[in-house]
Amino acid sequence: MNERALRILVANPRPPETYLKALDSVSMSYDCSLLPADLSIYDGLLLTGGGDVLPAYYEGDTPSSDVNFVKDKLEFDLLRYFTEKRLPVLAICRGFQLVNVFFGGTLKCVNGHMRNDDNRHSVSSREKPFGIFSEVNSSHNQAVDAVPENAEIIAVAPDLTIEAAIYSENVFCFQFHPERMSDGITERVFGVFADCVKKRLTASS
């Protein structure tokens, strides 16, 4: 096995500390950048929350805010590299929406999910690979709509908003914010991601 430290690329030059603490909790090292000098040194990608994806990317007319098409393009380029290399990706909130658009899906607006205090709402979820989620937090005004064939939906809110999905086996997506949750959920989600990174590196060495 390669003995170098496992390193994650966080596709955000200034991410909230909650993401970094979550990576620290599962002993993953990281760099924070949208324009890293050498992608080959990274074993996985973390896509964080943020503004809305430019609707033109999915031929939509969804009302959007805080759009940055340059950031969209840079993240799409990073996602293309990591998926072509079959390296694990963890995508949260905006990151989930970006992944869905990247694979050919669309987005929509949703009501009742933008809560600044992270109040929770119930969800229905599958047990594997993250265990059962009975409640999740909520902080978004858009969500995935049509999903591509390679998407496996694993958690859904009562209003049928998709809260979590897996694409192509090792692209793990969450509409909610596991990095801001307690009850061991942060460690559970980031732990599965870390295990996937380690297994992928072992298989390729």
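Is Cys93 buried or exposed? Buried, with a relative accessible area of 6%. The cut-off for buried is under 20%, so Cys93 counts as buried at 6%. Bear in mind that this is a predicted model. I'll start with the cysteines, then go through the helix pairs, then the backbone.

Cysteines, then. Cys109 is in no disulfide either. For Cys109 the nearest cysteine sulfur is that of Cys93, at 13 Å. A disulfide needs the two sulfurs within 2.5 Å. Cys109 has a relative accessibility of 42%, so it counts as partly exposed.

Back to Cys93 for its backbone. Where does Cys93 lie? In the loop between strand 4, residues 89–92, and helix 3. Its phi is positive, about 55°, although Cys93 is not a glycine. Most residues other than glycine have a negative phi.

Which residues of helix 3 are buried? Arg94, Gly95, Phe96, Gln97, Leu98, Val99, Asn100 and Val101. After helix 3 comes Gly104, with a positive phi near 110°.

What does helix 3 pack against? One answer is helix 2. Helix 2 covers residues 69–84, and helix 3 covers residues 94–102. Their axes are 11 Å apart, and the packing angle is about 70°. That makes helix 2 roughly perpendicular to helix 3. The crossing of helix 2 past helix 3 is right-handed.

Now the residues in that contact. On the helix 2 side we have Lys71, Asp72, Glu75, Phe76, Leu79, Arg80 and Thr83. On the helix 3 side, they meet Arg94, Leu98, Val99, Val101 and Phe102. Sorted by class, the contact has six nonpolar residues, one polar and five charged. Look at the spacing along helix 2 as you turn the model. An α-helix has 3.6 residues a turn, so residues three or four places apart point the same way.

Next, the other helix pair. Which helices here come within 9 Å, axis to axis? Helix 1, residues 17–25, and helix 4, residues 185–204. They cross at roughly 70°. That makes helix 1 roughly perpendicular to helix 4. Helix 1 passes helix 4 in a right-handed crossing.

Who meets whom here? Helix 1 contributes Tyr19, Ala22, Leu23 and Ser25. Helix 4 contributes Thr186, Glu187 and Phe190. The class count for this contact is four nonpolar, two polar and one charged.

Stay on helix 4 for Phe193, which lies in that helix. Its relative accessibility is 1%, so Phe193 counts as buried. What is Phe193 in contact with, leaving aside neighbours within four places in sequence? Ile8, Gly44, Leu45, Pro88, Val89, Leu90 and Phe172. One more distance for Phe193. Val171 is 22 residues apart from Phe193 along the chain, and their C-alpha atoms are separated by 9.0 Å.

Start with Ser168. Ser168 sits in the loop between strand 11, residues 162–167, and strand 12, residues 171–174. Its phi is near 50°, again positive in a residue other than glycine. At 39% relative accessibility, Ser168 counts as partly exposed.

Which peptide bond is cis, with omega near 5°? The one from Lys128 to Pro129. Pro129 is found in the loop between strand 7, residues 124–125, and strand 8, residues 135–137. Most peptide bonds are trans.

Arg120 is in strand 6, residues 120–122. Arg120 has a relative accessibility of 29% and counts as partly exposed.

Technical notes:
Residues numbered from 1 in each chain as written. Predicted model: local features only at pLDDT ≥ 70, side-chain atom pairs only at ≥ 80, totals over all residues. Heavy atoms only, no water. Axes fitted to C-alpha atoms, helices over the stretch in contact; angles between N-to-C directions. Helix = DSSP H or I, 4+ residues; strand = E, 2+ residues; numbered from the N terminus. Parallel < 35°, antiparallel > 145°, perpendicular 65-115°, else oblique. Left-handed = near helix turned anticlockwise from the far one by under 90°. Contact = heavy atoms within 4.5 Å. Nonpolar A, V, L, I, M, F, W, Y, C, P; charged D, E, K, R; others polar. Buried < 20%, exposed > 50% of the residue type's maximum accessible area, 1.4 Å probe, protein only.
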